[in-house]
Amino acid sequence: MVTWIALTGLASAASVVSLTLTGPTNPLEWGAGPLTVGSLPHVTYVAHRGGAREVPENSMSGLMAAYRRGTAQVLDADTRMLRDGTLVVLHDPTLNRTTFLGGEVRGLDVREWQGVRLRPRASLPGSWRSERPPTVAEVLDRFGGRIVLMLEAKDPRSVSPLAGMIRARGLTRSVFVNSNDPEVARRVHRLGLLAQLWRSAAQLRRDRPERWRSYVDLLDVDHRARDADLLRAVRSGIPRVWAHTVVTPAERDRALALGCDGIITDAPGRLARRAAGRAHLGASPWRA
């Protein structure tokens, strides 16, 4: 069931703005081929949910801003499945926190999804308008092959259709598929995708990461974990160990000093050591 959240003033008006998708919906030309994980630098920065302290999380405008600023080499987004099987980009199981609606995401179909509008937080820097959250297909078509993507499969049932979407676009070496469940990571690997496994500080106290090195391409560790637990992850033999969700320079510096080779952050513009500008993706801004 979907419910409206009562709002006043400009925010309420923004919720009913009618927006349309413009610009290309098919992949742009890749030239010699899509960008893959092989292009990542020794220390990689990830814009978590697009950089949730700098842009509206999991929004196309936020992902576009992170891409154009060039302070992160990877864009992260969360994926959920609607009742008709459509994969969409949203973190929470409900619409309440980040949109002008309430109710469970899985209760919607794609037609109803067209009416969802994100509610940008007032504390964000800059000015952001309301927009529809993107579908996973739209994110893959806009960014696939131009920057490495990290997609967390919040619903394990979505792994197979997500794999089909990634394979159909030739992006098996360009997209990490993330989960907190080692068995889901194993399934991702068997489907020929890049498997990412995230673990909390509490989980890392009990984990033996070396057991996963045959099928996990990226271990995503909580920066709040004990030194010994982070060192065990770094020494596990898993090719990449990145720390989440980092928001201060001190947190970044500790993770790097312990051997992590990636920083997953809500503030890539503030924490990335160097920015590298990117080409503009088409002449038209993305509107949802």
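**Close-up views of a predicted model**

A search of the whole structure, which is a predicted model, finds two aromatic pairs.

**View 1. Tyr-67 and Phe-143 form a tilted aromatic pair.** The ring centres of Tyr-67 and Phe-143 are 5.8 Å apart, and the angle between the planes is 50°.

**View 2. Phe-176 and Trp-242 form an edge-to-face pair.** The centres of the rings of Phe-176 and Trp-242 lie 5.6 Å apart. Their planes meet at 75°, which is over the 60 degrees required, so the pair counts as edge-to-face. This pair also links distant parts of the chain: Phe-176 sits in strand β7 (residues 175–179) and Trp-242 in strand β10, 66 residues apart. Phe-176 is buried, and its relative accessible area is 0%. Trp-242 is buried as well, with a relative accessible area of 1%.

**View 3. Helix α9 (residues 249–257) has three residues that count as buried: Arg-252, Ala-255 and Leu-256.** Seen down the axis of α9, these buried residues fall within an arc of 95°, so they line one face of the helix. An α-helix has 3.6 residues a turn, so residues three or four places apart point the same way. On the other side of α9, Ala-250 and Ala-257 are exposed. The cover over the buried residues of α9 includes the strands β2 (44–47), β10 (240–246) and β11 (262–265). Helix α10 (268–271) is also part of that cover. Just after α9 comes Gly-259, which takes a positive phi of about 110°.

**View 4. Pro-161 lies in helix α5 (residues 159–168).** Pro-161 is partly exposed, because its relative accessible area is 33% and the class runs between 20% and 50%. Leaving aside neighbours within four places in sequence, Pro-161 is in contact with Met-81 and Leu-87. Gly-85 is 76 residues from Pro-161 along the chain, and the C-alpha atoms of these two residues are separated by 8.4 Å.

**View 5. Ser-179 is found in strand β7.** Ser-179 has a relative accessible area of 6%, which is under 20%, so Ser-179 is buried. The side chain of Ser-179 reaches the backbone nitrogen of Asp-181 at 3.0 Å. Not counting residues up to four places away in sequence, Ser-179 touches Val-184, Gln-196, Leu-197 and Trp-198.

**View 6. The whole protein, for orientation, has ten helices and eleven strands.** Of its 288 residues, 53% count as buried. Among contacts in the protein with a separation of 6 or more, 61% come from residues 24 or more positions apart. The protein exposes about 12500 Å², and carbon and sulfur atoms supply 52% of this area.

Definitions and conventions. Residues are numbered from 1 along each chain as its sequence is written. This is a predicted model: local features need pLDDT of at least 70, side-chain atom pairs count only at pLDDT 80 or more; totals for chains, interfaces and linings use all residues. Side-chain values use heavy atoms; hydrogens and water are left out. Helices (H or I, at least four residues) and strands (E, at least two) are DSSP runs, numbered from the N terminus. Buried means under 20% relative accessible area, exposed over 50%, partly exposed in between (1.4 Å probe, protein chains only). Contact means heavy atoms within 4.5 Å. Accessible areas come from the Shrake-Rupley method with a 1.4 Å probe; for residues, only the protein chains shown count as cover. The arc is that of the directions from the helix axis to the C-beta atoms. Rings of Phe, Tyr and Trp (its six-membered ring) pair if their centres lie within 6.5 Å; planes under 30 degrees apart count as stacked, over 60 as edge-to-face and the rest as tilted. A polar contact is a pair of N or O atoms within 3.5 Å; within protein, one must be able to donate a hydrogen and the other to accept it, and residues adjacent in sequence count only if both atoms are side-chain atoms.
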